[in-house]
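Welcome! Have a look at the structure below, then walk through the points that follow.

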Amino acid sequence: MEKTEASKDLSSTKVYDDIKELFQTLPQERNWDGRWLCQYKGFWCPVRCFRPIISSQRHFDARDTDILLASMPKSGTTWLKALIFSIVNRNNYSIDQTPLLTSNPHSLVTFLEFNVYWGNDNPDLESIPSPRMFSTHMPYELLPNTILESKCRVVYICRNPLDQFISHRHFLLENKLEKDAEPLAIDDAFEMFCKGIHPFGPFWDHMIGYWNASLNNSGKVLFLKYEDLKEDIVFSATKIAEFIGFSFSVEEEKLGLIEEISRLCSFDNLKSLEVNKFGNRGVIQNSSYFRKGEVGDWTNYLSPLMAERIEKLIEMKLKGTGLMFNTYSKDS
Ligand code: A3P
């Protein structure tokens, strides 16, 4: 019964028999907001993007010059898109003419699973000039092989899981993607989060996949934390530019271009733009991508006991990896 219900969530485009068959073998769970998730190779993927994920694995042909932005939802993806788009296109558009002023960052750098392969098994991506930029919430383990085999670069951003959880909670409540479902209370949602049952979770495996990849091949994967960008955006933007092969020249540095791009992409600036105040991307309000943009906002919603539970979980799951989070850091 449940499986039949979940399979309705598969995208409405033609779903090949082998994908349907594979899907029927996967464990399925309802997320707290009512949307179905299926567990594929250890990760809880939203059922609606299961087919696009498989399509991208089968058809995406990476170029060495491609740039892939990867993240868990609500970890700073929008910010990273704005920054990388601006860094790459700084010679094409001046700051006062950039498309970022009239387009949401998600319209400029699109998701493989939510946009590019959403309604199309094999979109024509050949006509896009290099460097192409795409984004994904897919874990490292699910990335199309050509991404791993090519020289294309992957920039990953993650965030203190407590803030990520709260940010996602607000985003899903605001956009109510599953119209008929009554969302579960925050305690139940938190319980699921701690079990790793949330979109693209478990968060620890998602982070560890990219973390290890960045250690094994530092020229391939750049691992970033939202909190580090908040602490020093100019330093982070410089690092990102270098990594993707678009380093700022001494001249550009002297002209203050890194600071200008950082200001352009700042939370306050992007949030104040008409397109991000009033626009939408289908069912999603652009304004919901810009809520508070703070470090430590979780303290307003979660009890110290809940935080302690996550702390212990993080300690246990990340043990020996060298990856750490200061969950108690806060914006000053
Ligand atoms: P909050 O909900 O905590 O405010 P994503 O872009 O991955 O969907 O993540 C969204 C989170 O990043 C939201 O966090 C949002 O406010 C914050 N955010 C969006 N743009 C930002 C920016 N330019 N600078 C800092 N934070 C930003």
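In this predicted model, the shell around the ligand is made up of 7 nonpolar, 7 polar and 4 charged residues. Altogether 18 residues surround the ligand, with K74, T77, T78, S167 and K292 as the closest.

**Around the ligand**

- Helix α4 gives the largest share of this shell, 3 residues.
- A polar side-chain atom of K74 sits 2.6 Å from an oxygen atom of the ligand.
- At G76, a polar backbone atom is 3.1 Å from an oxygen atom of the ligand.
- C265 also takes part: one of its polar backbone atoms lies 2.9 Å from a nitrogen atom of the ligand.
- On its own, the ligand has 560 Å² of accessible area, and the protein covers 98% of that.

- Five strands form an open sheet with parallel pairing, in the order β5-β6-β4-β7-β8.
- β5 (110-111) and β8 (221-225) each have a single partner strand because they stand at the edges, so one side of each has no neighbour in the sheet.
- Strand β7 (residues 153-158) runs parallel to β8 and is joined to it by 5 bridges.
- Within this pair, V155 stands opposite L222 in β8.

**Helices on the sheet**

- Helix α4 (residues 77-88) packs on the sheet and touches β4 (67-71), β5, β6 (133-136), β7 and β8.
- The direction of α4 makes about 165° with that of β4.
- Helix α12 (residues 233-243) lies across β7 and β8, and runs at about 165° to β8.

Key. Residues numbered from 1 in each chain as written. Predicted model: local features only at pLDDT ≥ 70, side-chain atom pairs only at ≥ 80, totals over all residues. Heavy atoms only, no water. Pairing = 2+ DSSP bridges. Helix = DSSP H or I, 4+ residues; strand = E, 2+ residues; numbered from the N terminus. Contact = heavy atoms within 4.5 Å. Axes fitted to C-alpha atoms, helices over the stretch in contact; angles between N-to-C directions. Near = heavy atom within 4 Å. Polar contact = N/O pair within 3.5 Å; in protein donor to acceptor, adjacent residues only side chain to side chain. Areas by Shrake-Rupley, 256 points an atom, 1.4 Å probe, with all protein chains shown as cover. Nonpolar A, V, L, I, M, F, W, Y, C, P; charged D, E, K, R; others polar.
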